[in-house]
Each structure stands twice: as structure tokens, then as C-alpha cells.
Amino acid sequence: MIFTAENILLIGAVLIFCSILISKTGYRFGIPTLLLFLLVGMVFGSDGLGLQFNSASDAQFIGMMALSIILFTGGMDTKLQDIRPVLTQGILLSTVGVLMTTLLTGSFIYFLSSLTSMDFSLSLLTCMLLAATMSSTDSASVFNLLRSQKMNLKENLRPMLELESGSNDPMAYMLTIALIQVVASGSDLQIGAVVKDLLVQFFFGSVIGFAFGKFSAWLINKINLSNASLYPILLLSLVFITFTTTDLLKGNGYLAVYIAGVVVGNTRLAFRKEVDTFMNGLTWLFQIIMFLSLGLLVNPHEMLDVVVVALLIAVFMILVARPLSVFTCLLPFRSMSNRARFFVSWVGLRGAVPIIFATYPVVAEIPGSHQIFNIVFFITLLSLIFQGMTIPMGARMLHLDLPQEKEGNEFGVELPEEIDSQLMDLTLTAEMLEKGNRLVDMDIPKGTLVMLVKRGNEFIIPNGQVELYVGDKLLFISENPKK
């Protein structure tokens with residue numbers, strides 16, 4: 001069966017429906033949700049139930065849209081006060097670390113290619129191209145794993161890992177495109193030209209992303225729309241404008257949307273709740289669509305021909321290239337423990353991004369591109385299975401996990417950002433009621449009011465004479481402390 005205008009809506013809805021149901025079961029066993037989406041696509045694909053999806057360019061386009069949304073939303077959730085202490089580490093990992101991973105892995109792949117016992121032969125530049133497509137950690141996988149598992153880590157590891165995964169895709173993308181151009185033209189690798197291209201992409205990506213982030217926040221706060229639901233849609237249009245404008249000006253669109261997300265997320269924003277809800281839902285939808293489409297694109301039987309080579313490359317990347325890159329980049333930071341370095345090395349998740357980058361050689365018709373795609377896909381599966389399923393356990397074994405931070409309050413009430421106040425909730429104990437069980441008897445600080453009392457499933461609007469009992473939950477509102 002192939003996708004047509006008549007059946008695409010039904011088939012797409014069934015695929016998404018099945019993915020969500022299966023993800024519920026998989027979550028209980030610690031299986032990464034995005035891995036399940038990928039497997040659903042493979043089950044329904046050409047070697048499974050027979051759905052035909054063979055367009056690498058369509059998959060590439062879907063991935064471009066999905067990554068723009070994922071990176072922007074990830075940027076919005078990145079708090080500057082969290083990443084400031086690890087900014088240098090994150091930048092080193094996302095640039096030098098990606099380059100080192102490419103060089104180390106590419107050299108190992110070329111060594112394998114030179115062995116006569118291997119039914120595998122690629123030129124040195126093509127080996128480097130294969131390595132470049134896999135050189136970055138996957139933003140979708142890392143964001144999804146850390147946030148869905150609600151992982152809280154010591155030594156500022158969570159913001160460091162999120163910063164790395166959100167900012168290292170541009171470096172891998174630029175290396176991939178540069179190497180494709182060199183291989184396709186048949187010319188020698190011009191290091192100076194590549195470095196110049198990298199600098200141009202980083203410069204325009206950073207500047208345009210920052211400018212559009214500031215403009216987006218200003219526009220959302222200033223424009224007066226008749227319907228609050230239009231604000232997140234307006235922001236979505238600005239995300240795509242940011243990506244395409246940057247790309248047209250030879251900058252890196254992925255870097256631009258991530259930086260724009262960071263700027264918007266750390267600016268006071270009107271209708272933030274509506275924007276966050278919309279963007280988070282859209283992120284999940286596009287993650288599902290992206291992983292499903294990539295699962296449909298692959299022909300699993302073709303991966304059998306590259307199992308041995310892909311397995312050797314995966315072991316080398318996980319146990320040699322990634323750790324060497326991480327330890328080298330983090331060498332100057334002596335306050336960081338070796339346990340933390342080992343953990344960062346292990347969180348080198350591959351996911352949708354390497355697979356999407358592997359479609360670029362296919363679209364460009366690079367010799368050996370289908371072999372590259374199958375190797376990358378197989379390594380991604382191994383990474384999501386062995387690394388993705390063991391990351392929470394690894395954090396516990398290395399004693400790097402922390403108790404989950406409490407989010408929100410028991411009442412599910414939020415305040416608009418325009419209100420310079422904060423909400424807190426408190427559960428009453430017997431000691432708190434020793435001086436009396438009325439609200440007026442409690443020692444409540446000046447400038448703090450009790451908004452609601454929750455007793456079981458009952459909500460009470462309080463006054464000074466309301467009687468309180470052990471186990472009652474109080475919702476306070478108070479002014480933010482003056483800076």
C-alpha cells in the first residue's frame with residue numbers, strides 16, 4: 001500500500017494512535033518513547049505491513065520542520081540562570097566535541113574500509129561524511145528522555161546536556177553539508193573554505209536567531225489579537241520564518257531557531273501558558289511524525305548487509321570516540337568529577353537527527369549513500385536501545401541523580417507573568433495548629449494572603465474565622481522578593 005491523497009489522513013491517524021498506545025506500555029519498562037515510534041514505523045513499513053514510503057526528500061522536509069519546532073521549544077525551556085555556569089562546557093562539547101567525534105569515527109570507519117575481510121569500501125572523505133552525520137547527540141532524544149523521565153542531576157549536568165544537544169546539531173549539519181559538497185564535486189577538501197563556511201553559518205545563525213527571538217517576544221507582548229489562541233500560531237510562523245530566512249542568508253537555521261527559543265523563553269511573555277501548551281503539544285506531534293516517517297523510510301532487510309560494520313562503528317563511537325571527545329573537552333574543568341564525565345559520555349544519544357542528516361547524501365546521490373543511511377539507522381537503533389534504556393539507571397549507579405524538584409502547586413493554579421507575585425502551597429501539620437485552628441491564629445507574613453483551602457476534594461474560600469484541620473492544603477500568594 002502506498003500513501004495517496006485519499007488514505008493519508010486515515011493511515012496517518014492510525015499510525016499516531018498506535019504509537020501513543022504502544023508508548024504507554026513501553027514507558028513502564030523504561031523503553032525510550034521515541035524508539036517505540038521508530039519501531040512502529042518499521043513494523044508498518046515495506047518489510048512489515050507493507051506501507052510504501054520511499055522519498056528521502058520528503059522525510060528530510062518533515063525532519064526540517066520537526067527539528068525547527070523541537071529546537072525552538074527546547075530553547076524556550078532552557079533557563080539562562082541554569083546554563084550560565086555550564087555555558088563554556090556546552091559550547092566546547094557542541095563544537096570541538098562534534099569535530100573530534102567526526103575525525104575519530106571517520107578514521108576508524110576508513111580503517112574498517114581498508115580491511116579486505118570487510119565487504120565494505122568507502123573513500124576517506126565518504127567515511128568522514130558518514131561520521132559527520134552521526135557526530136551530534138540527538139536533541140529530540142535527549143530533551144525527551146530528560147524531561148519525560150523528569151531527571152534531576154547533580155553538577156549541573158541536565159542543563160549542560162540539554163545545551164549540548166540543542167546546540168550541536170548545527171555543527172554536525174555544517175560538517176555534513178560541507179563534506180557532501182566536496183565529495184559531490186570530486187575536489188580536494190579545502191580546510192580554509194570549510195572553516196570559513198562554518199564561521200559564516202555560526203555568525204548568521206547566532207545573529208539572526210537572537211534578532212528574531214527579540215522581535216518575536218516584542219511582537220507577542222505588543223500586538224493585540226482578538227483571540228488568545230492566535231498568539232502561539234503567530235509564534236510558530238515566526239519560527240519557520242527564522243529558519244528559512246537564516247538558511248537563505250547562508251546561516252544555520254537550526255542554530256537560529258534554538259537561540260530564538262532561548263531568547264523568547266527567557267523574556268517576560270504574554271500568554272505564556274497558551275504558548276507553552278501549544279508548542280509542547282506540537283513538539284510531541286512532530287516527534288511522532290518524524291520518527292514514524294523515518295521508520296517507514298528504512299527497509300530493515302537492507303540493514304542485514306551492514307550489521308557487522310555498523311556494530312563495530314557503534315561500539316567504537318560509544319566506548320572510544322564519544323568518551324575521548326568528552327574527556328578532552330571537559331579537561332580544563334577540574335571541579336567536575338570523573339563520574340559526571342563518564343555520564344556525559346554515555347548520554348551520547350543518536351536519534352532522528354543523524355538519520356535525517358543521512359538522507360542528505362541520498363538526496364545528493366553520493367556513491368554509497370544508501371549504505372551510509374542503513375549504517376546510521378542501525379547505529380541509532382543500538383544507541384536508543386542500549387544507551388537510552390540505561391541512562392536513568394546509570395545516573396543512579398554513579399550517584400548523580402537528585403530528588404525530583406516540585407513543579408507547580410497542588411491546586412493547579414498559575415499566575416500570568418505580568419503579575420509580580422508567586423504562589424506557594426503548604427500542607428498543615430499538628431504543630432502548625434498548636435496556637436489555634438483558625439486562619440487568624442496562624443503566623444502569616446505580611447504581604448502574604450491565603451487564596452484557597454483544599455480539604456480532600458473540597459475547595460474552601462477562606463476568611464479569618466475558617467477552621468483548619470491537619471492535612472488541609474493552603475494556597476498562598478505573596479509578592480516576589482525585591483531585587
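Which helix gives the largest share of the nonpolar patch? Hi everyone, let's work that out together. One thing to keep in mind as we go is that this is a predicted model.

Start with the patch itself. On the surface, Phe 203, Phe 204, Val 207, Leu 248 and Leu 249 come together as a nonpolar patch. Taken together, these residues have about 490 Å² of accessible area. And here is the answer to my opening question: helix 10, spanning residues 191-222, supplies three residues, the largest share of the patch.

Let's pick out one member, Phe 204, which sits in helix 10. Is Phe 204 buried, partly exposed or exposed? Its relative accessibility is 31%, so Phe 204 counts as partly exposed.

Now for the backbone. Most residues other than glycine have a negative phi. With that in mind, have a look at two residues here.

The first stop is Glu 155, in the loop that runs between helix 7 (139-148) and helix 8 (157-167). Glu 155 is not a glycine, yet its phi is positive, about 55°. Its relative accessible area is 32%, so Glu 155 is partly exposed.

The next stop is Lys 250. Where is Lys 250 placed? You'll find it in the loop between helix 11 (230-248) and helix 12 (253-265). Lys 250 also has a positive phi, near 70°, and it too is a residue other than glycine. What about its accessibility? Lys 250 has 58% relative accessibility, and because exposed means over 50%, Lys 250 counts as exposed.

Key: Residues numbered from 1 in each chain as written. Predicted model: local features only at pLDDT ≥ 70, side-chain atom pairs only at ≥ 80, totals over all residues. Heavy atoms only, no water. Patch = residues over 30% accessible without salt bridge, like charges linked within 9 Å, V, L, I, M, F, W, Y side chains within 5 Å. Areas by Shrake-Rupley, 256 points an atom, 1.4 Å probe, with all protein chains shown as cover. Salt bridge = Lys/Arg side-chain N within 4 Å of Asp/Glu carboxyl O. Helix = DSSP H or I, 4+ residues; strand = E, 2+ residues; numbered from the N terminus. Buried < 20%, exposed > 50% of the residue type's maximum accessible area, 1.4 Å probe, protein only.
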